[in-house]
Amino acid sequence: MWILSFPRKYNTHFNLIFQNFSYCILLSRSFTFYQYPAAITPSPEQTFRVCPYRTWILEMFYNMNMALYEIRKYPDKILKQKTVELSDIDTQTQNIIDNMIETMYGARGIGLAANQIGISQRLCVIDLSLRESNKIPLIVLINPVVVQKEGMIDAEEGCLSIPGYMTSIKRAEKVLVKGLNREGKPVEIEGDGLLARALQHEIDHLDGLLFIDRMSPIRREFFKRRYKKSLKGQENDT
Ligand SMILES: [Zn+2]
């Protein structure tokens, strides 16, 4: 499997063009298999296939209309605030959703909540295709709520807002989530395994909680000290 990594911030169209130019160079050199992001190929089965030139040209123009947001990092205050429920799902909401999906793929994440990109609205996107064989199509959830939980399980998780840090967090093994899809229709999602974890992680974000808030106070204090040190180290490096 090919995993392409790109810089996390694409603020200009130049960078988006450069990103697609990189695809083209890489593909022409090695004629390898390339996995399309789900936003580009909406078909639920994201199979590996050879990228035809015609498609990446289309992809380039598609991306020209996209804006990738900067992902807010801990300790940004917006991450601690509870988000506001959406009452209207309008064109602006659809644009935010599209851009969130692109931002998630750009950062190679499997989930993203709106407040992680500075928009305090109860809205999140999830796509597990980078971590699991993709049987679950891309999920867009508006005003999601966990209505049922079952079991408890410890597993490693990380967050795009706390890059480079992973730790074991106890969460419900199985959940039932209710919310609206991007068309505003009510949906119910039942998930276990990674899906249950991702749903809980993103809904926590929307409630102003980070995964470190699920750690014991002693572990969280230890994390904070280590994180501050790593931030200082980064400042000294620059
Ligand atoms: Zn997160």
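**View 1. The open sheet of five strands runs in the order S3-S4-S5-S8-S9 with antiparallel pairing.** The model is predicted: local features require pLDDT of at least 70, side-chain atom pairs count only at pLDDT 80 or more, and totals for chains, interfaces and linings use all residues. Residues are numbered from 1 along each chain as its sequence is written. Strands are DSSP runs of E with at least two residues, helices are runs of H or I with at least four, and both are numbered from the N terminus; two strands pair if DSSP finds at least two bridges between them. Strand S3 (111–113) and strand S9 (186–192) each have a single partner strand, so one side of each lacks a neighbour in the sheet. From one strand to the next, the twist averages 35 degrees.

**View 2. Strand S8 (residues 174–180) pairs with S9 in the antiparallel sense.** Seven bridges join S8 and S9. Opposite Val175 stands Gly191 in S9.

**View 3. Helix H4 (residues 193–206) packs on the sheet.** H4 touches S3, strand S4 (123–126), strand S5 (139–150), S8 and S9, where contact denotes C-beta atoms, placed from the backbone, within 7 Å. The direction of H4 makes about 125 degrees with that of S9; axes are lines fitted to C-alpha atoms, for helices over the stretch in contact, and angles run from 0 to 180 degrees between N-to-C directions.

**View 4. The protein chain contains five helices and nine strands.** Along the sequence, the pattern is α-β-β-α-α-β-β-β-β-β-β-β-α-α. Of contacts between residues at least 6 apart in sequence, 64% join residues at least 24 apart.

Definitions and conventions: Two residues are in contact if their C-beta atoms, placed from the backbone, lie within 7 Å.
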